[in-house]
Structure formats: structure tokens, C-alpha cells
Amino acid sequence: MSIKTVDLKANILDDNNVLAENTRKKLKAEKTFLLNLMSAPGSGKTTTLTRLIEKLKDEMKIGVMEADIDSDVDAIRISAAGAKSIQLHTGGMCHLDADMTTQGLDSFNSKDFDLIVLENVGNLVCPAEFDTGASKNAMILSVPEGDDKPLKYPLMFQVADVVIINKTDVAPYFDFDMERARKNIEMRHPGIDVIPVCAKTGEGIDILADWIRKNVSEWNK
């Protein structure tokens, strides 16, 4: 007797990828740039976003979709910074997929924005596995996490288009080597952009804002 085996994960990812690609095409037609921002909890995603909003809100229409298992704390912070925000509750899911992202975009009226940032659930594993339909993926590595994270969580760095190294102000107090971090990141994703910042002081945010400007402009060509 033969037993049929069904790879559910493969089927789920295939369906997700089709929807993600359709979402990307829709956003391209609308000239709306969607940035999927990923990181571990506590890396400074929301603080980095508030700094970016300060730099870009006068030249772009910005929206932020805040994804969390519960709470609307981050969405409130983003609204106070000057961008429209909505809260996405994942109901216990440790990541966003293309369907959840599309639901958020539909409720947001995506065509009204130049830039939408999807602040994904804090996690270095699951979010990297699911294509959300974003134009680009960004991830934040904070100094207290250590410079070895690219070795331990390879997929996150492989799917990212830019790595933001945050909390550079506390580097003297941690065993974090910037050059070693860059080499480890380069090992996982050769040629990727790496931007050190300190969201607390604003150091490096201008460079990150220029990266956003460049990629939004290229998306709209």
C-alpha cells in the first residue's frame, strides 16, 4: 500500500509567493514603495522609524503598518511622529505573510502613500521565511545582540536588501566588533548595503534616509 505525503509547508509557501508577487505588481502600478522591516525584539525598529519619519515626512506621504501579537503601543508612537499608522494583530502568529500584509494594505488604501513601512513581528526566524510582497526587505541588527547573529540566523540576512546596525552608541560596552559584523553579513549576503546608525542620537539616520529616497525613486521609474 502506498502512502501519499503532502508537504504542507511547501504548499503554503507557494501560495504565499503567488499572492506576494501579485501584491508587488499592484504596488508598483500605484507607485507605492513597501518596506518590510524585520529584527529581533528590542532592536529599536520603532525608534528608528520615528527618526526616519522626521527626516522624510515633508517630502513623502508615509504610512506604517505595525504588526504585533497584541497591543497598539507602537502604532500610537508612529502616529505621534507624524505618519499615518494602523495596528495589525497577528493573533499569536510570529510573522506576517502576504495575505496578512494585503489585508493591511487594503484597509490602508495603499495608493495614497509614497512609502509604507511594514514593521514585522520581532523575530529573527519566521518573518524571513515569508515573502510579504514588499518592494524591499530591511533588517535591524542591534549592537547588544552581538556580531555573530548573521552566523546563527542566515536566512534573515540572505533575504534582506539592507542591514541597519543600530545602537552604535553602546558599542564600547559590548563585545561587538563592527568589522567582524560586516564580514559575517557579507558572508551571508555579498554586496549588501550595511548602514550603522544610532536611533537614539540620530547618527547615521541621514544615510538611511538617503537609501530610502534612492530606492523609492528607482521603484517609481
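In what order do the strands of the open sheet come, and is the pairing parallel or antiparallel?

Author: This is a predicted model, in which local features need pLDDT of at least 70 and side-chain atom pairs count only at pLDDT 80 or more, while totals for chains, interfaces and linings use all residues. Residues are numbered from 1 along each chain as its sequence is written, and side-chain values use heavy atoms, with hydrogens and water left out.

The open sheet is formed by 7 strands in the order 3-2-4-1-5-6-7, and their pairing is parallel. Strands here are DSSP runs of E with at least two residues, helices are runs of H or I with at least four residues, and both are numbered from the N terminus; two strands pair if DSSP finds at least two bridges between them. At the edges lie strand 3 (84-89) and strand 7 (193-196), each of which pairs on one side only. From one strand to the next the twist averages 20 degrees, where axes are lines fitted to C-alpha atoms, for helices over the stretch in contact, and angles run from 0 to 180 degrees between N-to-C directions.

Strand 6 (residues 162-166) is joined to strand 7 by 4 bridges, and the two run parallel; Ile-164 stands opposite Ile-195 in strand 7. Helix 2 (residues 45-56) packs on the sheet, where it touches strand 1 (33-39), strand 2 (62-68), strand 4 (115-119), strand 5 (136-142) and strand 6, and its direction makes about 175 degrees with that of strand 2. Helix 4 (residues 98-108), for its part, lies across strand 1, strand 2, strand 3 and strand 4, running at about 145 degrees to strand 3.

In the loop between strand 4 and helix 5 (126-129) one finds Asn-123, which is buried, with a relative accessible area of 17% (buried means under 20%, exposed over 50%, and partly exposed in between, with a 1.4 Å probe and protein chains only). The side chain of Asn-123 reaches the backbone nitrogen of Val-125 at 2.7 Å. Leaving aside neighbours within four places in sequence, Asn-123 is in contact, that is, has heavy atoms within 4.5 Å, with Ser-39, Ala-40, Pro-41, Cys-94 and Met-156.

The structure also holds 12 salt bridges, each being a side-chain nitrogen of Lys or Arg within 4 Å of a carboxyl oxygen of Asp or Glu. In one of them Arg-180 meets Asp-147, with the closest N and O atoms 2.9 Å apart. This pair links distant parts of the chain, as Arg-180 is in helix 8 (residues 178-188) and Asp-147 in the loop between strand 5 and helix 6 (149-152), 33 residues apart. Arg-180 counts as partly exposed at 37% relative accessibility, whereas Asp-147 is buried at 7%. Arg-180 also forms a salt bridge with Asp-175, their closest N and O atoms being 3.9 Å apart, and Asp-175 is exposed, with a relative accessible area of 71%.

Definitions and conventions: A polar contact is a pair of N or O atoms within 3.5 Å; within protein, one must be able to donate a hydrogen and the other to accept it, and residues adjacent in sequence count only if both atoms are side-chain atoms.
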